[in-house]
Amino acid sequence: MTTGATVWLTGLPSAGKTTIAHELAARLREQGRPTEVLDGDEIREFLSAGLGFSRDDRHTNVQRIGFVAELLARNGVLALVPVIAPYADSREAVRARHEANGTPYVEVHVATPVEVCSVRDVKGLYAKQAAGELSGLTGVDDPYEEPEKPDLRIESQHQTVQESAAAVHAVLSERGLA
């Protein structure tokens with residue numbers, strides 16, 4: 001059986017997490033690797049419907065995604081998880097679940113500054129927040145706890161999507177996971 005792994009891409013909204021994950025997924029699939037992208041927005045719609053954005057709800061959402069990712073990974077799938085996961089303790093609980101099951105886990109911090117994210121504003125969240133139509137935006141008026149020791153840190157504003165995906169692929173290759 002092929003070794004699976006979870007690659008958790010954490011960062012602010014519009015940091016480039018999902019774009020990098022899809023670019024990486026295409027590359028891995030070309031190599032014949034079973035790969036799934038567990039997109040945070042899709043998970044919220046289908047697996048975590050009804051959860052809000054309180055700290056407890058965000059923790060529950062991250063744990064649900066982490067459970068599914070670990071399940072896929074321990075069955076040979078590379079689970080790419082582009083999810084904000086703003087709290088360090090939530091991410092650490094996911095990592096601990098993987099470690100307890102002997103499942104490889106790679107944390108990637110897509111460390112795009114909020115100033116760049118707010119210009120990208122893929123979903124219009126920053127504009128809504130600035131207009132007073134939205135509160136609790138991670139990194140603006142709700143906390144984002146940056147990973148202290150991610151396996152990889154990507155500053156997406158300084159490289160292309162392809163270069164970012166290649167950097168993640170290199171880490172996976174170094175660990176025998178790609």
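What volume does the largest pocket have? The largest pocket has a volume of about 710 Å³. A pocket here is an open set of points on a 1 Å grid over the protein atoms alone, where a 1.4 Å probe fits, with protein on both sides within 12 Å along at least five of seven lines. Its volume is the space filled by probe spheres set on the points, which are joined across faces, edges and corners.

The model is predicted: local features need pLDDT of at least 70, side-chain atom pairs count only at pLDDT 80 or more, and totals for chains, interfaces and linings use all residues. Residues are numbered from 1 along each chain as its sequence is written, and side-chain values use heavy atoms, with hydrogens and water left out.

Lining residues have an atom within 4 Å of a point. The largest pocket is lined by 29 residues, of which P13, D41, I84, K123 and L125 are the closest to its centre. Helices α1 (17–30), α2 (40–46) and α3 each supply at least two residues of this lining. Helices (H or I, at least four residues) and strands (E, at least two) are DSSP runs, numbered from the N terminus. By class, the lining of the largest pocket has 13 nonpolar, nine polar and seven charged residues. Ala, Val, Leu, Ile, Met, Phe, Trp, Tyr, Cys and Pro count as nonpolar; Asp, Glu, Lys and Arg count as charged; the others, Gly among them, count as polar.

The second largest pocket has a volume of about 190 Å³. Its lining includes A88, R91, E92 and R95, together with Y105 and E107. Also in this lining are E146, P147, E148 and K149. Helix α4 gives the most, with four residues. Both α4 and β4 (105–110) supply at least two.

Helix α3 (residues 55–73) packs against helix α4 (residues 88–100) at an angle of about 25°, with the axes 9 Å apart. Axes are lines fitted to C-alpha atoms, for helices over the stretch in contact, and angles run from 0 to 180 degrees between N-to-C directions. The two helices, α3 and α4, are therefore roughly parallel (under 35 degrees). In α3, the residues meeting α4 include H59, V62 and F67; in α4, those meeting α3 include A93, V94 and R97. Contact means heavy atoms within 4.5 Å. Five nonpolar, five polar and four charged residues make up the contact of α3 with α4.

Helix α1 packs with helix α7 (residues 161–174) at about 60°, and their axes are 9 Å apart. In α1, T19, I20, E23, L24, R27 and L28 meet α7 residues, among them V161, A165 and L172. This contact of α1 with α7 has eight nonpolar, four polar and two charged residues.

Terms used. Parallel < 35°, antiparallel > 145°, perpendicular 65-115°, else oblique.
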